[in-house]
Amino acid sequence: MTNTIPRVRFAPSPTGLLHVGNARTALYNWLFAHRHGGLFLLRIEDTDLERSEVRYETQLIEDLHWLGLNWDGGPGAEYEPDTGDHGPYRQSERLHIYAEHTERLLAEGKAYRCFCTPEELEAERKHAAATHGSQVYSGRCRNLAQEEIDLNLAAGKQFAVRLRIPDHPLRFNDIVRGPVEFAAETVSDPVLVRSASGASGGVPVYNYVVTIDDALMGITHVIRGDDHISNTPKQVAIYEAFGWPVPQFAHLSTILGPDRERLSKRHGATSISVFRQMGYLPEAMANYLALLGWGAEDGKTETFTLEELVPLFSLERVTASPAIFDFDKLNWLNRHYIKLADPDRIAKLAERQFILQKPGIFPLWSSNELYTAETIALLASLDPPIHLDIPSQEEIAQRKAWLAQLLALFLPKVDYLAQLPVKAAFIFGIDPDAAHADPENSAILSTDSARAVLSELAGRVRAHTGKVTADDFKTWINEIKSATGANGKDLYHPIRIALTGSHSGPEFDKIIPLIEEGAAMGIAIPTVHDRIEQFVGV
RNA sequence: GUCCCCGUCGUCUAGCCCGGCCUAGGACACCGCCCUUUCACGGCGAUAACACGGGUUCAAAUCCCGUCGGGGACGCCA
């Protein structure tokens, strides 16, 4: 065989949202292809007609693109250099191909018809579990006489097609784990094609089609999850039956939750689209996934872009042991990339979180610029005219500047963007009763000094007219300091509680303008005056 | 139960293939200190691991065997 370029594929089934484990598999395939100048294909494994849904395929493609991955063939590919030779890329569209191959195996005696009913097989399995434990198919239909087969067929008996597993050990090379060998006796004759009854009747089975597809698509390296290891000997037998070369395999270890069980929804977010909605950045996600089961050669570098990853990546360096998904480390990377990211991009994403969590604060219009002056004028000139209540460019700019101020204060406090409205909640008002009731707060507020500080503050706030500036506030604090003798925490804590509901938070210099300017531009925020009045009134 | 895979700090990992440079390196988290009215950010620092038992060898995290522990597969699911 001549030197062909490596060809890899990611072959998900569209039966649910893209799980982080599969996303990592996709990423490693992508990295491998790019590292070696190979081709990366996306193939949709939709042979389970009952569970496959188109919307999952659409979502899958979107999630993969979001992560920064692209592919050279398959649905959503940017270009398809070899659709003619290797497509289509949905298994449901390849059924005729599989049928031809089945005929061939049957004719050559490498596969046989199995007339066992599901009930019979179930009983066999139960019996095996109770007695010897090895749940290998008995091979009852393996060597039926031709007359018997004809008789069954004539009687209209349903049959599945099974592969005859050869009697030598089945071996393959795993780049991550080294050579692996299965004794023939431990491998069941796998069903290749389902029997005719049922919704998926007559449809070939995953293990079979995956092998045919991989072979026909010229896949040289099969990179997938390690839950497929025990399928591999069956697939090797299929390659052999057809006389095809067996590709290299690389089985990636499972991703576990903190309790060492397979990562699942009860551990928290597991779907790429959920992380995305929570406000994780794709570069953080990709970087984290790359690190889960792989490490750079220097043993030190941990932050990379996809482009930086490409020349460093190699399957030989992929870890064989299972990895526990560490949300803390993901968060660290996300914070890291939030700091590096273009502020406008973060602002847009942040705004979306506010729109979803605090409707009315950032009306939808501020996040898009769809309405140009021309559009507005055109609509107004119609008969009857349509008037859009659109704020001016200045107003929009104002709000953006205000958001930028807010982000400067709260971005350093969040792990992901959905936390923003929560961390900044006090800006939009506090519950004075709850603030008083908090045990830590009430301890601070119960001193005479605190009472004096707040009454001094209330007096000054009442006497003041117009916007309170950061300088005003600073002056007041100094005055209160000399009037009451309070200093340090005794001085600042009560004031901070009155203003924000908590004794800790960003500096007054930053909070005061944010509150006052926000209120002035029409955002529903209680002013400093209202806050203090309300708080001391309780 | 049978088969397969895996086992270095709490977590992700470097080192393992090609024994000595490993009194085992980095990162996240945790803890402490500094900065700071406070919180966060940032800076500095500390604690912390070769699953266990046998070999082989002058020398083992590294090679061999066994034990234990964890995970996966055993479907006419993918």
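Contact, in what follows, means heavy atoms within 4.5 Å. Helices (H or I, at least four residues) and strands (E, at least two) are DSSP runs, numbered from the N terminus.

In H19, Ser449, Ala450, Val453, Leu454 and Leu457 meet Asp490, Leu491, Pro494, Ile495 and Ala498 of H21. Sorted by class, this contact of H19 with H21 has eight nonpolar, one polar and one charged residues. For the classes, Ala, Val, Leu, Ile, Met, Phe, Trp, Tyr, Cys and Pro count as nonpolar, Asp, Glu, Lys and Arg as charged, and the others, Gly among them, as polar.

Before I go on, some housekeeping. This is a predicted model, where local features need pLDDT of at least 70 and side-chain atom pairs count only at pLDDT 80 or more, while totals for chains, interfaces and linings use all residues. Residues are numbered from 1 along each chain as its sequence is written, chains are lettered from A and ligands numbered from 1 in the order in which they are written, and side-chain values use heavy atoms, with hydrogens and water left out.

Back to the helices. Two packed helices are described by the angle between their axes and the distance between the axes. The axes are lines fitted to C-alpha atoms, for helices over the stretch in contact, and angles run from 0 to 180 degrees between N-to-C directions. H19 (residues 448-463) and H21 (residues 488-500) pack at about 60 degrees, and their axes are 9 Å apart. That makes H19 oblique to H21: angles under 35 degrees count as roughly parallel, over 145 as roughly antiparallel, 65 to 115 as roughly perpendicular and the rest as oblique. H19 passes H21 in a right-handed crossing. A crossing is left-handed if the near helix is turned anticlockwise from the far one by less than a right angle, and right-handed if clockwise.

Now the second pair. The axes of H10 (residues 282-291) and H12 (residues 327-340) come within 8 Å and cross at roughly 140 degrees. H10 and H12 are therefore oblique to each other, and H10 passes H12 in a right-handed crossing. On the H10 side, Glu283, Ala284, Met285, Asn287, Tyr288 and Leu291 take part, meeting Lys329, Leu330, Leu333, Asn334 and Tyr337 in H12. By class, that contact has seven nonpolar, two polar and two charged residues.

Next, the pockets. On a 1 Å grid over the protein atoms alone, a pocket is an open set of points where a 1.4 Å probe fits, with protein on both sides within 12 Å along at least five of seven lines; lining residues have an atom within 4 Å of a point. Grid points are joined across faces, edges and corners, and a volume is the space filled by probe spheres set on the points.

The largest pocket has a volume of about 1,000 Å³. Its lining has 38 residues, and Ser13, His19, Asn22, Asp227 and His228 lie nearest its centre. Which helix gives the most to that lining? H1 does, with four residues.

The second largest pocket holds about 810 Å³. It is lined by 36 residues, with Cys114, Cys116, Thr117, Leu121 and Arg162 closest to the centre. H5 supplies the largest share of this lining, seven residues.

Two backbone details to finish. Asp383 and Pro384 are joined by a cis peptide bond, with omega about 0 degrees, and Pro384 is in the loop between H14 and H15. Arg260, in the loop between E10 and H9, has a positive phi, near 70 degrees, in a residue other than glycine.
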